[in-house]
Amino acid sequence: MFNLRTCAAKLRPLTASQTVKTIPQQRPAAPRTFQQIRCYSAPVAAEPFLSGTSSNYVEEMYYAWLENPKSVHKSWDIFFRNANAGAAPGTAYQSPPPLSTSLSALSQAQFLVQAQPNVDKLVEDHLAVQSLIRAYQVRGHHIAKLDPLGISCVNFDDAPVTVSPNVDLAVFKERLRVLTVGGFYGLDESDLDKVFHLPTTTFIGGNESALPLREIIRRLEMAYCQHIGVEFMFINDLEQCQWIRQKFETPGIMQFTNEEKRTLLARLVRSTRFEEFLHRKWSSEKRFGLEGCEVLIPALKTIIDKSSEKGVDYVIMGMPHRGRLNVLANVIRKELEQIFCQFDSKLEAADEGSGDVKYHLGMYHRRINRVTDRNITLSLVANPSHLEAADPVVQGKTKAEQFYCGDTEGKKVMSILLHGDAAFAGQGIVYETFHLSDLPSYTTHGTVHVVVNNQIGFTTDPRMARSSPYPTDVARVVNAPIFHVNADDPEAVVYVCNVAAEWRSTFHKDVVVDLVCYRRNGHNEMDEPMFTQPLMYKQIRKQKPVLQKYAELLISQGVVNQPEYEEEIAKYDKICEEAHARSKDEKILHIKHWLDSPWPGFFTLDGQPRSMSCPSTGLNEEDLTHIGQVASSVPVEDFTIHGGLSRILKTRGEMVKNRTVDWALAEYMAFGSLLKEGIHIRLSGQDVERGTFSHRHHVLHDQNVDKRTCIPMNHLWPNQAPYTVCNSSLSEYGVLGFELGFAMASPNALVLWEAQFGDFHNTAQCIIDQFICPGQAKWVRQNGIVLLLPHGMEGMGPEHSSARPERFLQMCNDDPDVFPKLDDFDVRQLYDCNWIVVNCSTPANFFHVLRRQILLPFRKPLIIFTPKSLLRHPEARSSFDDMLPGTNFLRVIPDSGPAAQSPDKVKRVLFCTGKVYYDLTRERKARQMEADVAITRVEQLSPFPFDLLQKEAEKYPKAELVWCQEEHKNQGYYDYVKPRLRTTINRAKPVWYAGREPAAAPATGNKKTHLTELQRLLDTAFNLDAFAGLA
Ligand SMILES: Cc1ncc(C[n+]2csc(CCOP(=O)(O)OP(=O)(O)O)c2C)c(N)n1
Ligand SMILES: [Mg+2]
C-alpha cells in the first residue's frame, strides 16, 4: 500500500501545456512517470489535514482524480489542480459550499472553486465517511442478525435494529457506538443528506461514485448487518479483501430466480422430511438429527453444485454425527433402504470385523450432478466418535487423490469439512489441520469448512465452552474468510455457500461458513435439553421450522402455491415409504457397501485378496548396486553439497563397493526398488528429509544457491514412480492423520510417517487408537501406512527413549493363549492381524519388511521401532547377500553360532528384540558363554511368530527360556511376549525375565544410572543361577 510519503512524492505540478486529462492513468503503479518534485517536506505534506491517518484517503482521492477528475468531489479537484500547480502549503484548498441534499447539486459545483475554505470540516467529513465504511466492513458482523433464536451467544454489545430506508440517526448512533470507537466520527444529522465520494475500497455505490450519507449507511447495513456477518478484514491480501467486498456490497447481488428458490425449497423439503420420517419410524433411536439446521443440506448441495460448475469432479467430505444420515441420504445419495435397514437391530453382519454404528460409516458414490450435468464422485470418510479427528484424514486423502490424478492445483478434487461449534472451537486438531492448509506437500488447495453452529455442545453453553466470541475464530490464523449466516434465512445461506465455493475455486484457500442455527432436540433424540438450557429451549419450542417459514415466504411471493408445496412433500414422503418397505427385505448388513475408499483392481470383485502368497522380497545385485551408487552421488550438474555430506556419501559409496548396507542405505534400497516398480513413496514427518539423526539425507542442498535442492531418489530410473519426502509441520496428530488419509487413497503407495522420536507419537494417539489399530475391523477398510518410531534406551532420559512398544502390542488382536492353526504363518497370520509390529535388528530385515509391505496382496498398518545408535553401529550392517532374490524378511533370527551348533549343550535361550541384541552378544562374548547361551531375535513381534519360536524352543531342550529386554518390566515387550511364549511351549517351562525393574518413567535421566541398570540386566541375563529355585 502506498503511504503518505509516496503519495506526496507523486504529486507534481502540471506543466502549462498539460491538462489533468492528459495525465496518464497512474494506478496502481507507474511511479517512474512521476518526477519526485515533492518530498515529505514539500508543500503538500505540510497541508494541515495530511496526517498519517488521512493519507490513505487522500491517496484514494488522488488516484480517482487522476483517472477522472470528475469522479471526485469538486473541492478535491480544485485541491489537486492547485497542488499540482505548485500552490503553497495551506493554500491549495478551496472550500466547497455546504453540500446540498441532492446529488444534482454536485453538477452545479463549478462556482465552488472560488468558495471560502472550511478545509478541516470537509476533510474530516470525508474521512469520517471512509472510516464509517471501514467500520461496517470490519465490525458489521457484530450487529448482524445471525442468531435465529435472537439470544445471541456471541459476546458483543448487541443492538439489533430494523433497517429502514429512512435512517434514524439516533438508532444508528447507538449501532455505531458498537461499530466504532467514539461514535459517529463527528458526523451528525445534518450530514445525512450530504453527498460523499465513495472510496475504491467499497462497492456499495454500484455504478455510482458518490452517494448521500443516508444511502451509504443503508447500503452498508444491507451488506453487513442483515443475516450474513462477514469476517474478512483481517486477511492480509488486499485483492482477496476487495473480492469479498464486491461479493457482499454490490447492490442487488443477492438475487434469486424463482427456479432457484423452488430448488432451494425442494432441498429443504427433503432435509426436513427425512428427519421427520426417521423420527416417525424409530422414535427411540439415536440419530443425531439435523432439526434446527435443516438448511445444511441445501448448503452442502450448493457448495457441491458451484464447485462442480467450476470443474471439480471429486469431493471428499468429513463430518461428525450431527445430520450425518441426512447428508448420506440427501447429499451423497446413499440408497435410502441401505440407511433404513441400519435401524434394524436383527440384521446380521456379513463382513468380518466389529463394524460401527450407523452414524460413523463412510461412503463412496459416483453420480451425475443434476444441476451441472457433470459427473461427480462424493466420498464421506468414516470416522470415530472423536470429534474432528477425521479432519486431517480427509485432507490427506484429498491430497492423495489430487496427487494421483495430477491435479496439482486442486481444480478437480476438493474437500469439505463439517464441524460442530463446540468441537471446532475446542479440539486442537482443528488448528493443526488448518496449519497444513498452505504447506506445499500438504495443501489441498482450499477446503470449505461448514460449521453447524447450534450454539450448544451436548449440555454446555458457548460461554463455558470457548474463550473466543465465535466458534470459528481458529480459522483466522490462516487468513480464511468466515461467513456467519443465520440458518433460518435459506437464501442467505445459499448465497454465502456459493461465495465460499467461488472463493475456493478462485484463491484455492480455506473458507468457513458458520451456520448459526439451533438444535431442536437434546444432544440426541433421547436427551432432555430443558434440564440444562431451559430458556434457550423455551425459545426453541416457539421457533417455526425453517421449511415452514421459507414455504410461507415463497407462497406469499407467488413463487409456489400451497398445493405445489404439499405435493413436493408428499412426493418425498412416498420415496421414503417405498424405500422403507424395500429395506425390510434386507437380511444382511454389508459394511462393505459403506467403504469410503474402494480399491478397484487390487481386490477381487468380492473384495478378497488376489492371492494368499508373498513373493520373495529380495532384489537383484545389479539394482542394489545401482541404487547404492545413486544414493552415494549427486545426480545433477554444478551442485555443491556440504563437505561433511560429501564424506557421508563417500562412505556410502564404499559400503556399496563392499556389498554392505547400513540402515540408511537399506531404506534407500527398499524405496528405490519399489519406485522402479511404480510404487509411489511418501515419507513425511518432522525433519525426515535429512533425518533426525542426520543419517538419511534424501534432500541435498546446494551450498551456493538458495533453495536449490536435489532428491537423488527421483533420479533412479527412467520411468520410476515419484518419491515424495517432506518435512512436516511440528504436529503429530495432524500429520499422522494426514498420512493415514493419504495411504487410504491407493494400495499402490508406500506411505510412511516418522516420529521425530518414538515418544512423540502419543500426541497422535487418537489416530493410532481410533483409526490405525481398529480401522479395518470397524470400517472394512485396509490401510498400509508405516510408522517409523525411533526407539531405544540410550541414556537420553525419560523422553527420547521409548516409543512405548507395550502400547502397540497391547492393542494387537492375536490371542496370547491360542496357538494358531495355520498352514502358512508367513502370510495368513498377517492377513488375520489388525497391524504388524516389528523391531528389526539388521538393515537387511528393515529392507525386507518395507518391501513386504507392498508385495503382500493386502494392506495392514506396519509399526516399526527403528534404531538410533544402531544407525551407525559397525555391527549393524548387512551384506547384499541377505537382500538378493530368494531372501525374505525374517520373523525370527535364530542363533547361528556355537550354541546353535550344539543345541543340546545350551543352558539358556535369551529371546530378545531390537538393539539389546548387540549388548547381549558383546556381553556373551566377553563372558565366553557362546556355547552356553543362545540368543534368538524376535524381529516380528506381532503377529507373534508362534511357529518359529516353537522350533527355537524345541531346538534347545535343556535350556531355560528367558525374555530379555532393556525396557522396564511394565513396559517394552514382556507382557505381550510372555504368555505367547508360554503358549508356544504348551506351558511346559517358565519364561524368565531379565530386564529393568518396573518403573513409572520410561528411562532414567541419569547416564550413570542408565549404565548401571544396563549392566545389571546383562548380569541377570548371563547369570545361569539367576532363576535357580524360583520355578
Ligand atoms: C474428542 C471428543 N470429546 C468428547 C466427545 C463427546 N461428545 C460427543 S458430541 C459432543 C458435543 C459436540 O458439540 P458440537 O461440536 O457443538 O456438536 P453438536 O452435537 O452440537 O452438533 C461431545 C462433547 C466426543 N465425541 N469427542
Ligand atoms: Mg453444537
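Trainee: How many residues apart are Trp 503 and Phe 507 in helix 17, and what does that come to in helical turns?
Mentor: They sit 4 residues apart in helix 17 (residues 490-507), so about one helical turn separates them. Helices here are DSSP runs of H or I with at least four residues, strands are E runs of at least two, and both are numbered from the N terminus. Before we go on: this is a predicted model, where local features need pLDDT of at least 70 and side-chain atom pairs count only at pLDDT 80 or more, while totals for chains, interfaces and linings use all residues. Residues are numbered from 1 along each chain as its sequence is written, chains are lettered from A and ligands numbered from 1 in the order written, and side-chain values use heavy atoms, with hydrogens and water left out.
Trainee: How many aromatic pairs turn up in the whole structure?
Mentor: The search finds 35 aromatic pairs. Trp 503 and Phe 507 form a tilted one, 4.7 Å centre to centre with 50° between the planes. Rings of Phe, Tyr and Trp (its six-membered ring) pair if their centres lie within 6.5 Å; planes under 30 degrees apart are stacked, over 60 edge-to-face, and the rest tilted.
Trainee: Is Trp 503 buried or exposed?
Mentor: Trp 503 counts as buried because its relative accessibility is 0%. Phe 507 is buried as well, at 15%. Buried means under 20% relative accessible area, exposed over 50%, and partly exposed in between, using a 1.4 Å probe and protein chains only.
Trainee: And what sort of pair do Phe 602 and Phe 603 make?
Mentor: An edge-to-face one, at 5.0 Å centre to centre and 75° between the planes. Phe 602 is buried at 13%, and Phe 603 is buried at 15%.
Trainee: Which residues do ring pairs link into a cluster?
Mentor: Phe 274, Phe 277, Trp 282, Phe 340 and Phe 343.
Trainee: New topic: what are the protein donors of the magnesium ion (ligand 2)?
Mentor: Asp 421 (OD), Asn 454 (OD1) and Ile 456 (O), lying 2.0 Å from the ion. Donors are N, O and S atoms within 2.8 Å of the metal (3.2 Å for Na, K and Ca), and water is not among the atoms, so sites may look incomplete.
Trainee: Where in the chain do Asp 421 and Asn 454 come from?
Mentor: Distant parts, 33 residues apart: Asp 421 is in helix 14 (residues 421-426), and Asn 454 is in the loop between strand 9 (447-453) and helix 16 (462-465). Asp 421 is buried at 3%, and Asn 454 is buried at 5%.
Trainee: Last one. What's the strand order in the open sheet of 5 strands?
Mentor: The order is 23-25-24-27-28, with mixed pairing. Two strands pair if DSSP finds at least two bridges between them. Strand 23 (892-893) and strand 28 (991-996) are the edges, each pairing on one side only. Strand 23 runs antiparallel to strand 25 (residues 933-938), over 2 bridges, and Val 892 has Val 938 as its bridge partner in strand 25.
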